[in-house]
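Q: Please take a close look at a single part of this model, starting from one residue and its surroundings. Then relate that part to the charged side chains and to the chain as a whole.

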Amino acid sequence: FFSSRRRHTRCSRDWSSDVCSSDLEVEGLKETLEAFTQLQNEIGDKDAKSKVLIPAVREAMKPVLAMAKAMAPKDTGLLERSLYITARRPSKKDMKSRYISPKDSVISLVSTRPIPRKLKKQFQSSYGHLKGKAYTNERRKFYAEQGYAYDARAVANEFGTGKMSANPFMRSSLESQAQSVSTLLGQILKFRIESFKPKQKI
């Protein structure tokens with residue numbers, strides 16, 4: 001399943017999102033998914049996901065990332081630069097989302113890059129003594145200089161706040177590219193399955 005921050009698209013036959021949900025038929029994937037199931041049985045479910053499915057869904061999300069970058073607000077450009085794709089097997093934390101089910105094999109997200117723990121410690125060490133607006137302003141400046149959007153501006157643009165109207169771009173990116181992603185996923189999975197299986201026989 002795929003996602004764009006707080007937005008998900010499932011590879012377990014349906015699609016949904018944390019910011020909006022939309023179901024659609026994943027057409028043309030039946031034979032490919034059957035072949036993937038066979039591959040799981042041959043090499044093990046864990047290897048099939050990590051070596052075939054996860055890279056495939058990450059690559060298939062590229063149209064969504066490109067559209068999200070194109071539609072992201074361009075005030076400083078920081079939000080656009082911080083967008084990226086990640087793919088993984090859902091964690092216990094992921095499973096707490098009402099849009100993720102135990103049937104979901106893999107999730108892929110278009111999101112803002114997480115701030116490294118080391119960088120957070122560095123900021124706290126240097127500026128942790130500040131309070132209120134001074135702390136907030138320094139944090140924004142510090143992380144911006146490192147190329148990170150720390151302030152949930154993606155969520156603020158998507159839903160709006162008390163001071164600004166909504167300007168959704170993540171939702172539109174996924175919705176406009178959903179069919180492209182499903183088509184691309186089928187092509188990538190077919191290629192990866194066909195190329196991976198011969199290696200297993202060597």
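**A strand residue and its surroundings**

A: Ile-85 counts as buried, with a relative accessibility of 15%; buried means under 20% relative accessible area, exposed means over 50%, and partly exposed lies in between (1.4 Å probe, protein chains only). The model is a predicted one, in which local features need pLDDT of at least 70 and side-chain atom pairs count only at pLDDT 80 or more, while totals for chains, interfaces and linings use all residues. Residues are numbered from 1 along each chain as its sequence is written, and side-chain values use heavy atoms, with hydrogens and water left out.

Ile-85 belongs to strand β2, which covers residues 83-88; helices (H or I, at least four residues) and strands (E, at least two) are DSSP runs numbered from the N terminus. When residues up to four places away in sequence are not counted, Ile-85 touches Arg-58, Met-61, Lys-62, Leu-65, Ser-108, Leu-109 and Val-110, where contact means heavy atoms within 4.5 Å. Thr-112 is 27 residues from Ile-85 in sequence, yet the two C-alpha atoms are 8.6 Å apart.

Leu-79 lies in helix α4, residues 78-82. Leu-79 counts as buried because its relative accessibility is 2%. Its C-alpha is 8.3 Å from that of Lys-69, a residue 10 positions away in sequence.

Turning to the charged side chains, a search of the whole structure finds 2 salt bridges, each defined by a side-chain nitrogen of Lys or Arg within 4 Å of a carboxyl oxygen of Asp or Glu. In one of them, Asp-94 pairs with Arg-88, and the closest N and O atoms are 2.9 Å apart. The two partners fall into separate accessibility classes: Asp-94 is buried at 11%, whereas Arg-88 is partly exposed at 30%.

Another salt bridge joins the side chains of Glu-59 and Arg-192, with an N to O distance of 3.4 Å. This pair links distant parts of the chain, since Glu-59 lies in helix α2 (residues 45-60) and Arg-192 in helix α8 (residues 170-201), 133 residues apart. Glu-59 is partly exposed, with 32% relative accessible area, and Arg-192 is likewise partly exposed, at 25%.

Helix α2 also contains Lys-51, which is partly exposed at 43% relative accessibility. Leaving aside neighbours within four places in sequence, Lys-51 is in contact with Arg-192 and Phe-196. Lys-51 and Ile-193 are separated by 142 residues in sequence, but their C-alpha atoms are 9.7 Å apart in space. Asp-45 is a further residue of helix α2, partly exposed with a relative accessible area of 36%. From Asp-45 to Ser-105 the C-alpha distance is 9.5 Å, across 60 residues of sequence.

On the surface, Lys-93, Lys-96, Arg-117, Lys-120 and Lys-121 gather in a patch of positive charge. Patches consist of residues with over 30% relative accessible area and no salt bridge, like charges being joined within 9 Å and nonpolar side chains (Val, Leu, Ile, Met, Phe, Trp, Tyr) within 5 Å. Lys and Arg count as positive and Asp and Glu as negative, with His and the chain ends not counted; each charge is placed at NZ of Lys, CZ of Arg, CG of Asp or CD of Glu.

The chain has 202 residues, of which 44% count as buried. Among contacts with a separation of 6 or more, 62% come from residues 24 or more positions apart. The chain exposes about 11,500 Å², of which carbon and sulfur atoms supply 49%, with areas taken from the Shrake-Rupley method with a 1.4 Å probe; for residues, only the protein chains shown count as cover.
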